[in-house]
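My entries follow in the order in which I worked.

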Amino acid sequence: MRPVASWRAKYSRRLAVVDAFVIVWAVTGAYGIRFGFSDLDQSKTSDLDYVLLSATLVVAWWLMLHFWGSREPKVLGSGADEYKRVIASSAWLFGFVAIVSYALRIETARGFVGLAFPAGAIALVIGRWLVRQHLSLERTHGKSTSRVLIIGGPHSAAHLVRSLTSAPAAGYLPVAAHLPAATELSGVDLKIPVTGVETDFETILNVIVNSAVDAVAISAGVNLHPRDLRKLGWELAARDIGMILAPALTDVAGPRIHTQPVAGLPLIHVSTPKLTGGKKVAKRTFDLAVAGVLVTLLSPLFLLLAVLVKATSPGPILYRQDRIGLRGTTFKMLKFRSMKVNADAELQTLLYAQGTANKPLFKIENDPRITPLGRVLRKFSLDELPQLLNVLGGSMSLVGPRPQRAGEVALYDDAAHRRLYVSPGMSGLWQVSGRSNLSWEESIRLDLYYVENWSLMGDVVILFKTFKAVFASTGAV
């Protein structure tokens, strides 16, 4: 048995045990809260009926998770598909119970079902998340991974290697590359061995077998006849080796991709994200609701920080600065003042001194303009709290690309200008991925990914990660 088969089987068994424990806990707990255990009377038909219903529900729920594919290897370890299947299978099961009860006029206690379903579904997702964290930890140490052979053009293969190695938690470890008909390899650093450039089918199959891989990734630019690709798929299936097609699409989230079979061809449709209509209303409503609650709850903290800023250094409490927002409009961004007065006048001198005046990310290392209190405020991003007022006013959003100065925007290239397609945010994808320690190139890539793949659930996830990033104190937002 290959190692990949071993870890997948072990991981699936681990999930099966966790699922069983969670389901028994949810159903038993719902029964105990709704009916109680002390009054259980075996002579009563109704009590026995609910005991039988509970046992049936436990078995059916566990099997539903299996048949819905929530334990399939292709969805385990990364991505949201695993969680979606857990929720969907649970919802369908309880929906079926409700329909059958209504159709057959079976008296089913709504309190029992109403407790078991949400408690179980939430606990299942939490349990899956905890198991996934353990798997991610194993993968950072090189365990529980799938060995991958990459077949394709030199540049697309190199890009795929970089992408897979940058996300070890996904569990794909590139071990070799085969580049059919490649004629020029200079300037391409794959960082893994190249097995050859032959294009005949038998040679490629021998390379796959000799490499002892668990999966083969076909990247863009592969110089193989479609007939050979189809035959390769058959041979890989017979050997229980996975086949992965990696198109030349970068930074495109799963919900934007739709597959449509046409004349035997799996055509991939990529939808264009548009933050208009209902989506725009939903994002604005979410911003108003969350920002309103936070301002109300944090008002004592606002007052305390205002007093501290005023008492520790001369100057105004709030710092107002022109920033560029949605579609290039200018607005006043608010912060608790963390620098001495007239600090902006020294910015260009400091940027030139550290050699970053021509980069569109004006950050000063060990900034001498920051006050002692300001360092504390910045460490925990407390100076950013007044931007909740910007959110309520509509010039900012809770989540989005960070607003920049006009001088920074003037240095944008065409790609960077896409940051202005959405409202700027108090927090964003690059803040929770590395905060200010990221380079400009990494930051802009993450901001563009957010713009291209916006979703309300994504905003919720980023906000949760923001709290973790702030308290980790790895750099100011």
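I began with helix H3, residues 81-103, which has 23 residues and reaches 32 Å from its first C-alpha to its last, close to the 33 Å expected at 1.5 Å a residue. The expected span is 1.5 Å times one less than the number of residues. Helices (H or I, at least four residues) and strands (E, at least two) are DSSP runs, numbered from the N terminus.

I noted the basis of the values: this is a predicted model, where local features need pLDDT of at least 70, side-chain atom pairs count only at pLDDT 80 or more, and totals for chains, interfaces and linings use all residues. Residues are numbered from 1 along each chain as its sequence is written, and side-chain values use heavy atoms, with hydrogens and water left out.

I listed the buried residues of H3, which include Tyr 83, Val 86, Leu 93, Phe 94 and Val 97. Buried means under 20% relative accessible area, exposed over 50%, and partly exposed in between (1.4 Å probe, protein chains only). Arg 105 follows H3 and has a positive phi, near 55°.

I then took helix H5 (residues 154-165), whose end C-alpha atoms are 16 Å apart, in agreement with the 16 Å that its 12 residues should span. Among its buried residues are Pro 154, Leu 160, Val 161 and Leu 164. Strands S1 (146-151), S2 (172-178), S4 (215-219) and S5 (242-246) are included in what covers them, with contact meaning heavy atoms within 4.5 Å.

Next I looked up the largest nonpolar core, which has 28 residues, with the most contacts inside it made by Phe 336, Leu 398 and Tyr 450. Such a core is a set of buried Ala, Val, Leu, Ile, Met, Phe, Trp, Tyr and Cys residues joined through side-chain atoms within 4.5 Å. The elements that each supply at least two residues of this core include helix H8 (277-312), strand S9 (330-336) and helix H13 (440-452). H8 gives the largest share, six residues. Apart from this core lies another, of 19 residues, among them Val 22, Ala 26, Val 97 and Phe 112.

Lys 191 has a positive phi near 65° and is not a glycine. Lys 191 sits in the loop between S2 and strand S3 (194-196) and is exposed, at 66% relative accessible area. Ala 212, also no glycine, has a positive phi of about 50°. Ala 212 lies in the loop between helix H6 (201-211) and S4, and counts as partly exposed at 45% relative accessibility.
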